Amino acid sequence: MREYQTNKLHLKFDYETIERDFDIYQIKQKAEEKKYISQEVLDNVSEEQYITAVQWIYGNTALVLLEKDKISTYAFKKKMRERFPDITVCQIKGLFDEKVREKYFGEGDIQLARLLFNSLRPYKSEIFHRNNIMGKLFYQSPKWKSKDTVYFVQIHLDYSFHLILKVVTFTKDTGDSGGYVFDKSTGNFRRALKTDKGTKYVKKNKNTKSTVPFLNIENMEKFEASKMGVLKQFVEDVRTYLRDYIEINFETMEEMMSHDKKWEKYSIKVKENKSKIYEKEAAKRLSSHKIAIVDECNTETSKKIADDFQAFLKKVYGVGSKLGDSVSSGTYNLRIIHDKGYYKGENDLHDEIFNKCIVQHITVENYKKCDLEKNPEFYAIIQELFIKEDIVNKQLTTFNWSETLGKSGKTWAFVSFKKDDTDKNTKKKDQYTYYRVFITPDGKLSFDSCAGRSWMRRKDEWKNIIRYHQELIDKRKSEKRYDENIEGFFYTDINDICTIYKTNACVYPRFDGIGGELFLLKADKELDKEQMIDALLHFKEDSPELVKKNKEEFEQVLNNLKNRKEECIDKKFFYKKILKKGKLREGFNEYLRTEYRILLNLSKSKENLPLYDLDAMTDIHYSVSSDSDGELIKYFVGSAKALNRSVARSNPIRKIIGKTLKAEEILPMLTATFVRNEQYTVIPFPYKYIREYFQIS
């Protein structure tokens with residue numbers, strides 16, 4: 001297993017140079033009944049020209065970074081007292097003293113790192129814009145702004161030094177009371193002051209879907225507009241502008257574990273949802289039921305969806321379907337409705353419950369027309385219908401449970417939970433509602449739930465489960481573990497409950513190497529004909545076996561070049577039209593890259609994926625070890641298929657802890673490709689069944 005780099009930073013500070021070039025102050029607001037430092041204080045401090053950076057720490061405390069000799073300590077304190085009488089100012093000196101640093105910057109100098117990162121000045125270029133907004137560092141592509149919205153990638157460093165790239169979206173505020181504006185003089189995005197007039201923006205809620213792909217390697221422009229492109233720019237900025245003060249390096253997976261706990265790749269043959277075998281099985285199942293399409297919208301788009309789905313069923317599976325007026329039992333029902341925004345909470349068809357009916361919704365607003373045989377939405381509908389049939393019949397059929405995990409004779413229980421909204425504004429302990437599915441050795445399903453408030457009075461397994469969860473919550477709060485979240489529990493023995501955690505750690509590809517290769521790809525649009533002929537002849541000498549196996553094709557390419565009258569040839573034309581698909585093209589592309597620093601195409605072949613750690617974006621990778629709480633499985637889940645040019649999201653590292661965990665039992669439950677269309681699941685697939693059951697019951 002390769003030493004993939006993770007998103008955890010190792011930092012090294014030059015305290016002498018920091019003290020030489022900067023003054024650092026801690027400011028506190030001591031107004032009565034104020035738990036947090038006021039926004040007005042931070043905004044006003046940020047706007048002062050002599051301030052290099054401001055970093056809110058916690059509560060009523062913040063750090064301020066000033067360039068040396070810009071203003072005296074006396075003058076700075078005086079200005080702060082005149083403007084905010086309830087503010088106290090303390091200069092931080094003696095950075096070589098570890099106790100001083102821990103007092104003001106926290107463990108590992110986390111706040112010093114955040115403060116220095118935030119000192120990167122606002123900047124604009126054709127490729128990216130950089131903004132500081134009250135102690136937060138944002139990067140933006142100029143293309144990430146539309147008529148009504150603007151979004152950024154925020155650089156965030158958590159308390160465990162994981163570098164997290166979060167998409168933050170702002171939308172125009174029609175009431176003109178928004179908290180953010182584009183500065184008219186500089187064009188920078190910043191907090192709005194009371195004196196600002198004109199268009200203002202408000203931050204959208206955290207559930208806004210990400211609009212920035214994690215990685216795009218199609219070309220240099222799209223890479224720069226991906227999160228990995230932003231990360232590359234941020235790292236370059238730190239190493240250019242902050243190199244005298246801080247050094248950053250990324251921890252590898254092998255460094256994360258001790259030297260004797262290796263990561264491995266989990267390989268298993270799975271049926272892809274579009275394979276002929278799967279289609280035959282699905283066709284057999286579909287043909288045994290009536291299939292009804294219920295159009296609740298009666299629009300041109302909804303009629304088109306109905307027509308397309310009927311054609312899809314006939315072409316792919318060879319089965320027919322009919323239009324229906326209402327949902328019926330014993331039938332696969334596709335129900336065409338509007339999205340939630342259309343109903344605005346009134347007569348919302350999403351909320352209707354159909355007991356003992358198999359129903360899958362599709363919304364007209366989100367429908368995207370594409371080639372029938374390649375429409376992922378239609379394949380997903382078929383999968384959802386099969387899952388809902390399992391739930392209605394209380395029998396697992398989408399996964400061969402009896403021949404895999406059922407062989408042990410054990411009944412498995414999977415538990416999910418949701419925090420109760422009613423507790424948001426109370427001082428009570430966190431309260432949750434819990435949901436559970438049992439799976440017997442022959443795949444039979446049973447579901448139940450429990451309100452967490454009443455767990456002390458219970459005399460069944462729920463008491464063990466909820467008490468265990470509350471103890472974990474208390475323990476993790478005392479340990480200040482903000483870098484991971486509990487996602488669920490499962491067990492075959494109530495005295496051995498296993499816990500699934502999602503951590504802030506993830507695996508990064510070699511974004512600097514990818515950027516360098518894409519620069520090569522962009523560098524030359526035309527190739528010198530004579531140079532290509534020379535390169536082909538040298539390639540023949542250095543790779544005789546490959547050329548021998550593709551002799552006829554090699555001669556065609558060579559003769560094609562020799563017979564061309566033009567001295568230059570278009571790179572894309574040469575790659576796509578003259579070089580034919582296959583091993584020869586891949587081999588020559590790699591030969592040009594290594595020997596001539598010419599890149600025809602960024603190869604995604606299995607041989608070249610490790611060059612940039614792109615192989616970490618595919619398959620399931622895991623490591624088994626032990627810790628104080630028992631057995632520990634760490635894993636992350638990549639694509640089940642060949643890598644696409646664009647990767648939507650990162651692959652967080654999860655971990656499962658239990659007394660007697662077995663990887664060979666857990667990992668197969670991640671390979672169920674019927675949950676995410678042709679992709680592995682990130683947690684065991686029974687959680688999908690819990691989610692679906694309690695949504696439709």
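Start inside: the structure holds one cavity of 30 Å³ or more. This is a predicted model, where local features need pLDDT of at least 70, side-chain atom pairs count only at pLDDT 80 or more, and totals for chains, interfaces and linings use all residues. Residues are numbered from 1 along each chain as its sequence is written, and side-chain values use heavy atoms, with hydrogens and water left out.

Select Asn 44, Val 45, Glu 48, Tyr 50, Phe 76, Lys 79, Met 80, Arg 83 and Phe 84, and you have the lining of the largest cavity. Its volume is about 60 Å³. (On a 1 Å grid over the protein atoms alone, a cavity is a set of points where a 1.4 Å probe fits but cannot get out; a pocket is an open set with protein on both sides within 12 Å along at least five of seven lines; lining residues have an atom within 4 Å of a point. A volume is the space filled by probe spheres set on the points, which are joined across faces, edges and corners.) Now colour α2 (39-47) and α3 (73-83), which each supply at least two lining residues; α3 gives the most, with four. (Helices are DSSP runs of H or I, at least four residues, and strands are runs of E, at least two, numbered from the N terminus.)

Next, move to the second largest pocket, with about 1100 Å³ of space. Pick His 350, Gln 360, His 361, Ile 362 and Thr 363: of the 26 lining residues, these are the closest to its centre. Two or more lining residues come from each of β20 (358-363), α12 (376-393) and α21 (686-696), and α12 gives the most, with six.

Now show Lys 265 and Asp 619, whose side chains meet in a salt bridge (3.3 Å, N to O). Lys 265 is in strand β16 (264-266) and Asp 619 is in the loop between α19 (583-596) and β28 (620-627), so the pair ties together parts 354 residues apart in sequence. The whole structure has 36 salt bridges (a side-chain nitrogen of Lys or Arg within 4 Å of a carboxyl oxygen of Asp or Glu).

Last stop: find Glu 102 in helix α4 (98-105).
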